[in-house]
Amino acid sequence: MLLLGDFAENGLWWTGGHEEVVPARSSSNRSDPGASAVSPRSPRIDWTELEEWYTTVLDAVRSWPLVYDELVGQDSTLAVPPEALKEIEAQLLVGQDHVHRSLLKASETIMKRPGRPITAPHELRFILILAANPLLHTYYKPYPGEFRHMDLFWSSQGGPSSGRHSGIIKRIVGLLSNTPNECHNHLVNWFARYPEPLFIKTKDLVSSFLAFRLNRQNEKKYNAKVDITAGLIPSLNAGRSAASLHAALGSSQASGKKQKEKKKIYNDDWQIKASAQVLAWIFAANNTGHSRRSLANRMDGPAASTRDRVQMRGQILATSDFYITLLDDSDLVADFETWETKKGKFAFCQFPFLLSIGAKIQILEYDARRQMENKARDAFFNSILTHRIIQQHLVLDVRRDCLVDDSLKAVSEVIGSGGEDIKKGLKINFKGEEGIDAGGLRKEWFLLLVREVFNPDHGMFVYDEDSQYCYFNPASLEPSEQYFLVGVVFGLAIYNSTILDVALPPFAFRKLLMAAPPPTLATSQPRQPMTYSLDDLAEYRPRLASGLRQLLEYDGDVESTFCLDFVVDIERYGSTERVALCPNGERRPVTNTNRREYVDLYVRYLLDTAVTRQFEPFKRGFYTVCGGNALSLFRPEEIELLVRGSDESLDISALKSAATYDNWGTKNPVENEPRVRWFWELFEEASPADQRKLLLFITGSDRIPAGGAAALSIRIACLGDDCGRYPTARTCFNSLALWKYGSRERLRKFLWTAVLESEGFGLK
């Protein structure tokens, strides 16, 4: 209780109620380093000591059995029966509860009256100390006693997401979010150097509180504003083209239809805005890559669990750990439009790290669909006004045996026309085949085209045998226009929501995003300049990176041992060319002093300078199609997952749970229909490689989309009684049609023959 009284009594010293003590200066006019309250790197808080203080105050009762045993050991007459011990413990636990309540009350009092506005970084320390209170966190469970008095009481309590202690947490995020920019920079640096368990708990505290506020907003009832002229007077703000009136009328008519109402996610709630802002600083700290010291006693609980989902190298927590999945069911389109049009002061698109990759894909697909519909509508009206036939889609006619030449030529003609037909919906027509593209031919075209273009025999990209990644070939003889067209195809895949089988290293996606045109809208994740490190090179060429790392770590004389100059040897079609990494590099030896500079220049040359002629047109081609506000919401690791899909082992049970069935004559085909059961058994028993081939046969891609296996719905239909014909797949709709084969072995034979021997619309 003395510790608690000291906490409450001296709270004003933390919050600026007393004059700040100016650090004393010595005769040399230098401040005593021990007297400084904070530094840009640290708030000067001993987190281990603080944890011990909280433990002493909150769990003082925990040691009572040891004290009792010690007393009884000294004097056996002090022993009492179990009923009396139970009563003593009950009184102690009541006292423990009073201590907890007093600590929380004192904390709230300090937060209500901080003394003066927080203007300097050292004035933030008391907030960080209060935020570390275990009572505010989900993981903390008080001592229940030897007789388990508090089990029922504590089981009814929740964490911050249930609103417990929200009065304190809202003041913590409120005070932090209203500090000046100097304090923001300090907070990011401090969070980046937090001990890892404390960092995780701080993030979980604010995230849980944000989830609580969203739930509160969703439960509220709002008075809808009714526009009596809605649907009668069209809005012509969309533009002045011939299609504008039709678009305005269409949107007016659509507004009158009954649509599924989306949940409201906020209504000018300052607590949501403040929480999002604090999480933005924690997320920025999460990406700085600073090494963190662990607490001496790592605390158990949910905060310490492993996180291994959408993650970039150097992050302490995966990007996906910051996702607020409650937003997935909200009106993301309205939020995106609010952000785009700047109609409101707050939108979650300003804090894209809170949006799951599924939510961002919804926004990206909406943005692409909107542009496609606008182009199709313009084409329709232009065809009427000009009396010419104008395609509403971008249709490419290609031959399978000349796929690359036909495709790049067709794309080149569209780009060269000067219009924006490239942003129409894409349809593919394979000459000489009867297929009609409803999405499946497009997926197959992307798969075959990318496989050919990225083939090392084509010469545009080179592969590393150790990493199995490919990168731009600096010695390629292909003209820049070819790389531009490949960039266009790459952008078309994202624009048309198609997974590509490309093995670019992770840093290449970061390089591509960092090279985007300047954004027109602000977000909480400002673009950082592109940098290259030895770790980036290790992703692509691990053997070379290992050699350079040995150079950096060598203890002897580097100059006499390695005999290196500031040059790099490049192989170009059988001959070796020496390229200087800096002016007069041929005459500058690598020494112990400058070896770090040599490695940095070497890495930058290989990953950037040497491939500038190839990367620049590729980048321009990509952003010719994909430039837009929706794409700026994605991070590099998310773009990689969006483009490549997931190559994780197939979760057959997740695919099975998301599947739909048609024409089987029973409500539950999985249980009642042997052919369906046999199919899933064969799918699960197959080797990982054959599982990929079966997935490719059904969906047109052998990878799981970014949303996971649960987001991939396979439709299994029944064709009728067994007539000796093979199963068929409609990749446009992720559909597999089976006959009612007489046995499991017969199904296995026909299914795998169809999978392994088919190509296009028929057997090989």
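This is a predicted model: local features need pLDDT of at least 70, side-chain atom pairs count only at pLDDT 80 or more; totals for chains, interfaces and linings use all residues.
Residues are numbered from 1 along each chain as its sequence is written, and side-chain values use heavy atoms, with hydrogens and water left out.

**Exercise 1.** Find out which residues of helix H29 are buried, and what covers them.

*Solution.* 
Step 1: Helices (H or I, at least four residues) and strands (E, at least two) are DSSP runs, numbered from the N terminus. Buried means under 20% relative accessible area, exposed over 50%, and partly exposed in between (1.4 Å probe, protein chains only).
Step 2: locate H29. This helix takes in residues 744–757, which is 14 residues.
Step 3: pick out its buried residues. They are Leu747, Phe750, Leu751, Trp752, Ala754 and Val755.
Step 4: look at the cover. It includes helix H27 (674–685), helix H28 (688–699) and strand E10 (735–740).

**Exercise 2.** Work out the strand order of the open sheet that has four strands, and say why E7 and E9 count as its edges.

*Solution.* 
Step 1: know the pairing rule. Two strands pair if DSSP finds at least two bridges between them.
Step 2: read off the order. It goes E7-E8-E10-E9, with mixed pairing.
Step 3: check the ends. Strand E7 (660–662) and strand E9 (728–730) each have a single partner strand, so one side of each is left without a neighbour in the sheet.
Step 4: zoom in on one pair. E9 and E10 run antiparallel to each other over three bridges, and Arg730 sits opposite Ser735 in E10.

**Exercise 3.** Describe how H27 and H28 lie against the strands.

*Solution.* 
Step 1: sort out the angles. Axes are lines fitted to C-alpha atoms, for helices over the stretch in contact, and angles run from 0 to 180 degrees between N-to-C directions.
Step 2: take H27. This helix packs on the sheet and touches E7, strand E8 (715–721) and E10, making about 125 degrees with the direction of E10.
Step 3: take H28. This one lies across E9 and E10, at about 65 degrees to E9.

**Exercise 4.** Say how much of the chain is buried.

*Solution.* 
Step 1: start with the chain's length, 764 residues.
Step 2: the buried share of those is 47%.

Conventions. The expected span of a helix is 1.5 Å times one less than its number of residues. Contact means heavy atoms within 4.5 Å.
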